[in-house]
Amino acid sequence: MSYHIVVCGSIVPDPLQTLEPVTGPQGPALKNEMMLPAVLDPWAGHALYEAANLAKNVPDSKVWLVSLGPKAKLQQVMMNVAQKVPFELVVLDGPSGGFTEAEEVAAHLAKAIESIDGLDKSKLLLFGGWQSASRGTGAVMQIVGETLGIVDQFQGVDKLEPQADGSMQVKERMEGGSYLVSTLSAPPAVFGWATGTLPEPPNNPQVGMQNMRFIMPAIQKAQPAQVGAAGVEFKSVELPAQRRETRVVKDVPAADIAREIVDWVKG
């Protein structure tokens, strides 16, 4: 069996930058957000690399990346992502920050997936991040799947192994470093990826050139997507408070230090 793999992934500000929340005319935002360098959401990145690896090992499979974000920023990010793995890009031009409603984002993503030319839903594997670096709700992929009528969903996936009989073995993260192992008889299905098992692929200029032939036209044809947080009121937006208490001591046994740490945690 071959697969049609659709990866949902947006862009986020580079996490190495200092992110300062502010209240703007349209509600909460990040200070100088359009000036911040952007990257592909790390969770979505893992999903994309796993999708490309699966497509490489299963003949006649194909990968699409569906992304909602400002197309000017997407163009910058895709210059780098395009060199990693082969895929076709589907673009929605709209905001990509964390102050948008998950249901609105999911509705636009589902509509974009429905419009992909040549997509066979009987072969569809819908990939995305289990969480995201912009919102962390873990809701978007579930809503997209439900909107498309896909009831088999797996979250916190670290490994996906096709079997000889056409089924797939899925390993989902559980507490204590354990895995929930399930068997999927056949597509369609939704997979919210954790970190997976693959490293980030090295840059390949040849793959980049092949991808950019389709990426630039896709960005130019990007459909506008009006997403926000209609009906949601943000009372305040601020950075998490940081608290640090330091005490320098000498000649204290390790057991006493450990006991004091435990007492501090309990208190």
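## Accessibility and overall make-up

A residue counts as buried under 20% relative accessible area, as exposed over 50%, and as partly exposed in between. Trp43, with a relative accessible area of 26%, is therefore partly exposed, and Trp130 falls in that class as well, at 27% relative accessibility. Gly149 counts as exposed, because its relative accessibility is 54%. These values come from a predicted model, in which 41% of the 267 residues of the protein are buried.

The protein holds 6 helices and 13 strands, and its C-alpha trace spans about 70 × 50 × 40 Å along the principal axes. Of the contacts in the protein with a separation of 6 or more, 75% are accounted for by residues 24 or more positions apart.

## Packing of H2 against H5

Two packed helices are described by the angle between their axes and the distance between the axes. For helix H2, residues 71-81, and helix H5, residues 205-220, the packing angle is about 170 degrees and the axes are 10 Å apart. H2 is therefore roughly antiparallel to H5, since angles over 145 degrees are put in that class. On the side of H2 the contact is made by Lys71, Leu74, Gln75, Met78 and Met79, and on the side of H5 by Met212, Ile215, Met216, Ile219 and Gln220. Sorted by class, the contact of H2 with H5 has 7 nonpolar, 2 polar and 1 charged residues.

## Crossing of H3 and H4

Helix H3, residues 102-114, and helix H4 have axes that come within 8 Å and cross at roughly 45 degrees, and the two helices are therefore oblique to each other. The crossing of H3 and H4 is right-handed. From H3, the residues Ala102, Glu103, Val105, Ala106, Leu109, Ala110 and Ile113 meet Val140, Ile143, Val144 and Thr147 of H4; by class, this contact has 9 nonpolar, 1 polar and 1 charged residues.

Gly149 is placed in the loop between helix H4 (140-147) and strand E9 (153-162). The C-alpha atom of Gly149 is separated by 17 Å from that of Ser185, a residue 36 residues apart from Gly149 along the chain.

## Aromatic pairs

A pair of aromatic rings is described by the distance of the centres and the angle of the planes. With ring centres required to lie within 6.5 Å, the count comes to 4 aromatic pairs. In one of them, the rings of Trp43 and Trp130 have centres 6.4 Å apart and planes at 80 degrees, so the pair is edge-to-face. Because Trp43 lies in helix H1 (residues 42-57) and Trp130 in the loop between strand E8 (124-129) and H4, this pair ties together parts that are 87 residues apart in sequence.

Another pair is formed by Phe127 and Phe191, whose ring centres are 5.4 Å apart and whose planes stand at 75 degrees, so that this pair is edge-to-face. Since Phe127 lies in strand E8 and Phe191 in strand E12 (residues 189-193), the pair ties together parts that are 64 residues apart in sequence. Phe127 is buried, because its relative accessible area is 0%, and Phe191 is buried with a relative accessible area of 0%. Phe127 and Phe191 also belong to one aromatic cluster, which is formed by Phe127, Phe154, Phe191 and Trp193.

Definitions and conventions
Residues numbered from 1 in each chain as written. Predicted model: local features only at pLDDT ≥ 70, side-chain atom pairs only at ≥ 80, totals over all residues. Heavy atoms only, no water. Axes fitted to C-alpha atoms, helices over the stretch in contact; angles between N-to-C directions. Helix = DSSP H or I, 4+ residues; strand = E, 2+ residues; numbered from the N terminus. Parallel < 35°, antiparallel > 145°, perpendicular 65-115°, else oblique. Contact = heavy atoms within 4.5 Å. Nonpolar A, V, L, I, M, F, W, Y, C, P; charged D, E, K, R; others polar. Buried < 20%, exposed > 50% of the residue type's maximum accessible area, 1.4 Å probe, protein only. Left-handed = near helix turned anticlockwise from the far one by under 90°. Phe/Tyr/Trp six-rings, centres within 6.5 Å; stacked < 30°, edge-to-face > 60°.
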